[in-house]
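Me: I would like to learn how to read the features of a model like this one. Could we take them one at a time?

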Amino acid sequence: SVKTSGIDVQLGYRLPTPFIGEESALNLNLMVNYLIDFKVEGLGGLKTDYAGTASYFGAGLGTSFPRWRATLNSKLNFSRELSFDTRVRFIDSMENRAARQYIGETFTGPGSIWYFDFALQAEVEAMTFRIGLNNAFDKQPPEYAPNVQSGTDPSMYDVIGRRAYVSARLRF
């Protein structure tokens, strides 16, 4: 059986910025998650709390549970037609799950990491153009051992690195 608990908080705020332009505004949205526990009861009644642990090859993908995670989205609207977006993502450091399963053994865990994403969007008549950069500072995923794949957990961290994109949308 699995029992988990945590606290999720989301805060949003819109700040008019008339000194930039008549229709300009700064929009902020912060999402924070604190994982209190992630308790698993196995056969024989053995209970283990995996909160704050990173998975390894025996645990599988998608099973890393940092205590703290946060995302801050900000969007500065210069006008109705032009905006600049920033997204900051934080993942807390974790202990290697193997250390909780194999008491007395020493394993490394991933450190905390910050990712920064940026985008510029312009609307011209029925077209929306967007250019962006994800993982702008090319932060490599933290490595630890034992791990899930390639020294890290690819379901938790950005393993691709910096990447740019361009998109266009037509409304009709």
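Reply: Start with N135, which lies in the loop between β9 (127-134) and β10 (163-170). Strands here are DSSP runs of E of at least two residues, helices are runs of H or I of at least four residues, and both are numbered from the N terminus. This is a predicted model: local features need pLDDT of at least 70, side-chain atom pairs count only at pLDDT 80 or more, and totals for chains, interfaces and linings use all residues. Residues are numbered from 1 along each chain as its sequence is written, and side-chain values use heavy atoms, with hydrogens and water left out.

Me: Is N135 buried or exposed?

Reply: First the scale: buried means under 20% relative accessible area, exposed over 50%, and partly exposed in between, with a 1.4 Å probe and protein chains only. N135 has a relative accessible area of 0%, so it counts as buried. Its phi is near 50°, a positive value in a residue other than glycine.

Me: Which value does phi of D138 take?

Reply: D138 has a positive phi of about 50°, and it is not a glycine. D138 sits in the loop between β9 and β10. Its relative accessibility is 30%, so D138 counts as partly exposed.

Me: What does K139 contact?

Reply: Contact means heavy atoms within 4.5 Å. Leaving aside neighbours within four places in sequence, K139 is in contact with I113, W114, Y115 and D158. K139 is also in the loop between β9 and β10. At 39% relative accessibility, K139 is partly exposed. The C-alpha atoms of K139 and S112 are separated by 11 Å, and the two are 27 residues apart along the chain.

Me: Now the strands. Where is F90, and what does it touch?

Reply: Strand β6 (residues 82-91) holds F90. F90 is buried because its relative accessible area is 16%. Not counting residues up to four places away in sequence, F90 touches W68, R69, A70, S112, I113 and W114. F90 and T71 are 19 residues apart in sequence, with 6.4 Å from C-alpha to C-alpha.

Me: And where is S74?

Reply: S74 belongs to strand β5 (residues 68-77). With a relative accessible area of 17%, S74 is buried. Leaving aside neighbours within four places in sequence, its contacts are N27, L28, F84, D85 and T86.

Me: Which residues make up the largest nonpolar core?

Reply: In soluble globular proteins, nonpolar side chains tend to be buried together. A nonpolar core is a set of buried Ala, Val, Leu, Ile, Met, Phe, Trp, Tyr and Cys residues joined through side-chain atoms within 4.5 Å. The largest core has nine residues: A54, I91, M94, I113, Y115, Y144, V148, M156 and Y157. A second, separate core of five residues includes L35, F38, Y50 and F65.

Me: How many helices and strands are in the chain?

Reply: The chain has one helix and ten strands. Along the sequence the pattern is β-β-β-β-β-β-β-α-β-β-β.

Me: What is the radius of gyration of the chain?

Reply: The radius is taken over C-alpha atoms, and the globule rule is 2.2 Å times the number of residues to the power 0.38. The chain has 20 Å, whereas a compact globule of 172 residues would have a value near 16 Å. The C-alpha trace spans about 65 × 30 × 30 Å along its principal axes. Of the 172 residues, 35% count as buried.
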